[in-house]
Amino acid sequence: MDTHEPTRDPSLTIRSLVKAYRPGQPVLKNIDLTLAASGVTAIIGPSGTGKSTLIRCINRLVDPTSGEIWFEGENLVALSSARLRLVRRRIGMVFQEYNLVERLPVIENILTGRLGYVPFWRVWLRRFPAEDIERAFELLDAVGLGSDFATRRADQLSGGQRQRVGIARALMQQPRLLLADEPTSSLDPRTSVEIMDLLGALAEREKVPVIINIHNVELARRCAGRIIGMAQGAIVFDGAPDALDDARLATIYGGEGWLQ
Amino acid sequence: MSASARVRHADPFPPHWGGRALKLLVVVYALYAASTLDVTWSRFVSGLGNGAVFIARMFPPQTAPDKLQLLYEGTLESLQIAILATFFGVLLSLPLGFLAARNLMPRPVVWVARAFIALCRSLHPVIVAILFVKAVGFGALAGALALVVASLGFISKLFGEAIEEIDMKPVEAARAAGGSFLGVTIMAVLPQVAARFIGFASYQFDSNLRNSTMVGIVGGGGIGAPLFTAYQRFDYDFVLTILITVIALVLATEALTGRLRRLFQ
């Protein structure tokens, strides 16, 4: 029996990652990063500093220019598109603007998380396996919506409710890693806190490590066990929330006037 | 205080000489074209008289049983042509529309698909019907094939454009979940365009029904052939019977497809 709980094996290892949308102008400059197999890691930093690009390189929604991303024994940068699909099934993602299909009911949006597992003809006929449907309803409860919401169309929901559906969809994949790209930037302050708490609680319940891009430093402190500060495409801070003092914040965001 | 202190602004609506010249040119050309084509007032007036005689000879509409039988068979065939052409046209337009969408397909595929669609749209259905009559012989098959081509051109163009207007965010989410191309299409693309697709298909059915009365004139089957024959034999009363039937049929289907579209809003 393994007595080391939680396990200290790294979940994700990023080596010398570079992304340049235009040659010679890298958005990410040589990122090195190792992530534990549990806990919430928040990436903070000013807009346009490459946070979103970094997170999208991990599931290859953005193709890196060079470098390596190791996840469960595979270098994601080198994967063929067929292999990539298999890896993507194990990486859930929560989006800033929820990215739901507006015209589909909530339950079908959640089941979209099973697209990598269920053959297309079953998707076409909406004949998802019974255990998937059961889990979808279970997650609907877990994110605080309840089965009454199952048949409501996504365009009838509020922002906070939509993001709850987004989280359920990501967890539907039974992911081994959860990426969240500015999950609260389109929400009001109170809903933002609720969504972040929910994300943290569910990640713990499902034992899945989370990487969150986030603007709000206070929210990052509240929810994350580790904070990574980025500025101009490089990591300039990496440590516990307590270590993030004003001097460090000034390094990340530049200037000091806004800290007073 | 003095008047000289007022600032003189430039005229905010200066005369647009280019526009005026263009309007004048259009009017002058219309008059010139009318004069060369022998479009004259006196001909129009004498034509009105002929028209009155023609309309007078239409009444009362022909209702002899043998003619009604002819009418029934022709109308039924037209309806069948329209239904067949719409069914197969819609079926083929689905993949073709996808191939023509720039946001989902690589450029070369889009070019080929769009070139094919442009080809389908470039000729009038009656001309296409003539080609098919030569190819497969007289009858409803030629007419139906001609209207399949017309349906392809119309629906796949609009469908492709509808796909290009979709929100790509759900598509991104479905791809991030590891969805295959077909899975992503079914779950994230189709729901966004399905209602509009049904709209296009029902408009095309209206259009196919109108055109199915035309293809008969060149031998493509349907009510067009008896109509054309009736004109040539000066059976204007039977012409009227056919026209009334066609108008009633078109109005009825437009009401029906209108309801269908509202249902799928």
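Trainee: Which way do the residues of strand 8 of chain A point?

Mentor: In a regular strand the side chains alternate between the two faces of the sheet. In this predicted model, A:V210 and A:I212 point one way from strand 8 (residues 210-213) of chain A, while A:I211 and A:N213 point the other way. All are buried; a residue is buried if 20 or more other C-beta atoms lie within 10 Å of its own, exposed if 12 or fewer, and partly exposed in between, with C-beta atoms placed from the backbone. Strands (E, at least two residues) and helices (H or I, at least four) are DSSP runs, numbered from the N terminus.

Trainee: How should I read the numbering and the limits of the model?

Mentor: Residues are numbered from 1 along each chain as its sequence is written, and chains are lettered from A and ligands numbered from 1 in the order in which they are written. Because the model is predicted, local features need pLDDT of at least 70 and side-chain atom pairs count only at pLDDT 80 or more, whereas totals for chains, interfaces and linings use all residues.

Trainee: Which strands pair with strand 8 of chain A?

Mentor: Two strands pair if DSSP finds at least two bridges between them. Strand 3 (residues 40-44) of chain A pairs with strand 8 of chain A in the parallel sense over four bridges, and A:T41 stands opposite A:I211. Strand 7 (residues 177-181) of chain A also runs parallel to strand 8 of chain A, joined by four bridges. There, A:L179 has A:I211 as its bridge partner, and A:A180 has A:I212. From strand 7 the chain crosses through helix 7 (residues 189-206) of chain A to strand 8 of chain A, in a right-handed β-α-β crossover; that is, with the strands pointing away from the viewer, the path from the first strand over the helix to the second runs clockwise.

Trainee: What is the order of the strands in the open sheet of chain A?

Mentor: The six strands of this sheet in chain A follow the order 6-7-8-3-9-10, with mixed pairing. Strand 6 (91-94) and strand 10 (234-239) of chain A are at the edges, each with a single partner strand, so one side of each has no neighbour in the sheet.

Trainee: How many residues does each chain bring to the contact between A and B?

Mentor: Two residues are in contact if their C-beta atoms, placed from the backbone, lie within 7 Å. Chain A gives 22 residues and chain B gives 18 residues. Helix 2 (81-88) and helix 4 (120-124) of chain A each supply at least two residues of the side of chain A that touches chain B.

Trainee: What does the secondary structure of chain B come to?

Mentor: Chain B has 10 helices and zero strands. Its radius of gyration, taken over C-alpha atoms, is 26 Å, well over the 18 Å that the globule rule (2.2 Å times the number of residues to the power 0.38) gives for 265 residues, so chain B is more spread out than a compact globule. Along its principal axes, the C-alpha trace of chain B spans about 80 × 75 × 35 Å. Of its 265 residues, 35% count as buried.
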